[in-house]
Amino acid sequence: MNALLQTKNLHIGYQSSDGEITTIAKDLNLSLQPGQLTCLLGPNGAGKSTLLRTLCGIQKPLEGETLLSGQSLSEISPSSLARQLAVVLTDHVEVECLCVEDLVALGRYPYTNWTGRLHDSDWKIIDEMIDLSGLEHLRKREISQISDGERQKCMIARALAQQPCLICLDEPTAFLDLPRKIELLSTLRRFSRETGRTFLLSAHDLELAMGSADTLWILNEKGKMYLGTPEELVLNGIVAATFETDEVYFNEVTGTFRQIFQGSEKIQVTGEGRLGYWTGRALERIGFQVSKDSASRRVSTETTQGGILWILYDEGKKLRFEALQELLTHLESRVL
């Protein structure tokens, strides 16, 4: 399959007001396949926004080039580029006087003449994008009267109305609560499947991205780029190597980040399924290092007709607790 977007020995960075050039990453040879959702991830300050802006032609590369459908961005006219590429930035655009329908309609203006008049064919596409984005009930609502999540959907619907082959989004989940983040990423994945469009988005939410993206691009603080499926990058240790710190580790089994409590005691948890998992999470929260290996203290879980039992084996004693909080209260003094 031919790549929709491709870079050749791309160097990204910026030039300060005094002319000094700072290189963030170099020799990037990347590609995006049609109809896929790709997430660009990396620590704060790694250069995700700089890369995204460079790929969109908003910021000039230091060296190398970006090809869109085989043609260099520098050779594509602005009007032609607007029909092939749409960009949704984090920047808060002042469109408060517009309603949802008007904002989505802005996506059709690359196809209008100097009068800016929209035709029936344009309104058909606008209607489709409003419906596809689940915004029909907000169609006449002013942008100032809708939530941030709904506003972000409007911006994406506007980008879809351009009918580009590629849509780039910089931190589209910024400022959204967790349910809205999940909903938005799910919507983008659905859009990529239903419309055949390609999406590239930068994000901080690694755990959410791993559950939605076809491909991850991980840019580390040294300007090194790693590409692959989420599962590949977990299994080969790239995710852990990029994001772990002295205080946070990545659990490759659960796909979550957990806090490291320095000098804490180990405790073994035996129990399957969600009961064992959440018991371990609770013990980590109060400062224990949870292990499946043998330890001087062990907690097992047991389901009975009367409910759930937590059994603590501690210094030769066997203690039973009918509530998880009772177990935590008993143990918490050991890590204070």
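A crossing of two helices is called right-handed if the near helix is turned clockwise from the far one by less than a right angle, and left-handed if anticlockwise. What you're looking at is a predicted model, with eleven helices and 18 strands in its secondary structure.

**The whole protein**

- Along the principal axes, the C-alpha atoms take up a box of roughly 85 × 50 × 40 Å.
- The protein has 336 residues, and 47% of them are buried.
- Take the contacts with a separation of 6 or more: 61% of them join residues 24 or more positions apart.

**Helices α10 and α11**

- Helix α11 covers residues 324–332, and its axis sits 10 Å from that of α10, at an angle of about 30 degrees.
- On the α10 side, the contact is made by T279, A282, L283 and R285, while α11 brings in L324, L328 and L331.
- Sorted by type, the residues of this contact come out as five nonpolar, one polar and one charged.

- T279 is part of helix α10, which runs over residues 273–285.
- Is T279 buried or exposed? Its relative accessibility is 1%, and buried means under 20%, so T279 counts as buried.
- The T279 side chain has a polar contact, at 3.0 Å, with the side chain of W310.
- Setting aside residues up to four places away in sequence, T279 touches V269, V299, T301, W310 and L324.

**Helices α4 and α5**

- Here the pair is α4 (residues 120–132) and α5 (residues 148–161), packed at an angle of about 145 degrees with axes 9 Å apart.
- This crossing, of α4 past α5, is right-handed.
- I125, M129 and L132 of α4 meet A157, L160 and A161 of α5.
- The residues of the α4 and α5 contact are six nonpolar, with no polar and no charged ones.

- You'll find G107 in the loop between α3 (100–105) and α4.
- With a relative accessible area of 0%, G107 is buried.
- Which residues does G107 contact, leaving aside its neighbours within four places in sequence? They are R158, A161 and Q162.
- G107 and Q162 are 55 residues apart in sequence, yet their C-alpha atoms are 4.6 Å apart in space.

**Cysteines**

- As a reminder, a disulfide is a covalent bond between the sulfur atoms of two cysteines.
- How many disulfides does a search of the whole structure find? The count is zero.
- C56 is in no disulfide, and its nearest cysteine sulfur, the one in C168, is 3.5 Å away. The cut-off for a disulfide is sulfur atoms within 2.5 Å.
- C56 has a relative accessibility of 5%, so it counts as buried.
- C165 has a relative accessibility of 25%, which means it counts as partly exposed.

Definitions and conventions:
Residues are numbered from 1 along each chain as its sequence is written. This is a predicted model: local features need pLDDT of at least 70, side-chain atom pairs count only at pLDDT 80 or more; totals for chains, interfaces and linings use all residues. Side-chain values use heavy atoms; hydrogens and water are left out. Helices (H or I, at least four residues) and strands (E, at least two) are DSSP runs, numbered from the N terminus. Buried means under 20% relative accessible area, exposed over 50%, partly exposed in between (1.4 Å probe, protein chains only). A polar contact is a pair of N or O atoms within 3.5 Å; within protein, one must be able to donate a hydrogen and the other to accept it, and residues adjacent in sequence count only if both atoms are side-chain atoms. Contact means heavy atoms within 4.5 Å. Axes are lines fitted to C-alpha atoms, for helices over the stretch in contact, and angles run from 0 to 180 degrees between N-to-C directions. Ala, Val, Leu, Ile, Met, Phe, Trp, Tyr, Cys and Pro count as nonpolar, Asp, Glu, Lys and Arg as charged, and the others, Gly among them, as polar.
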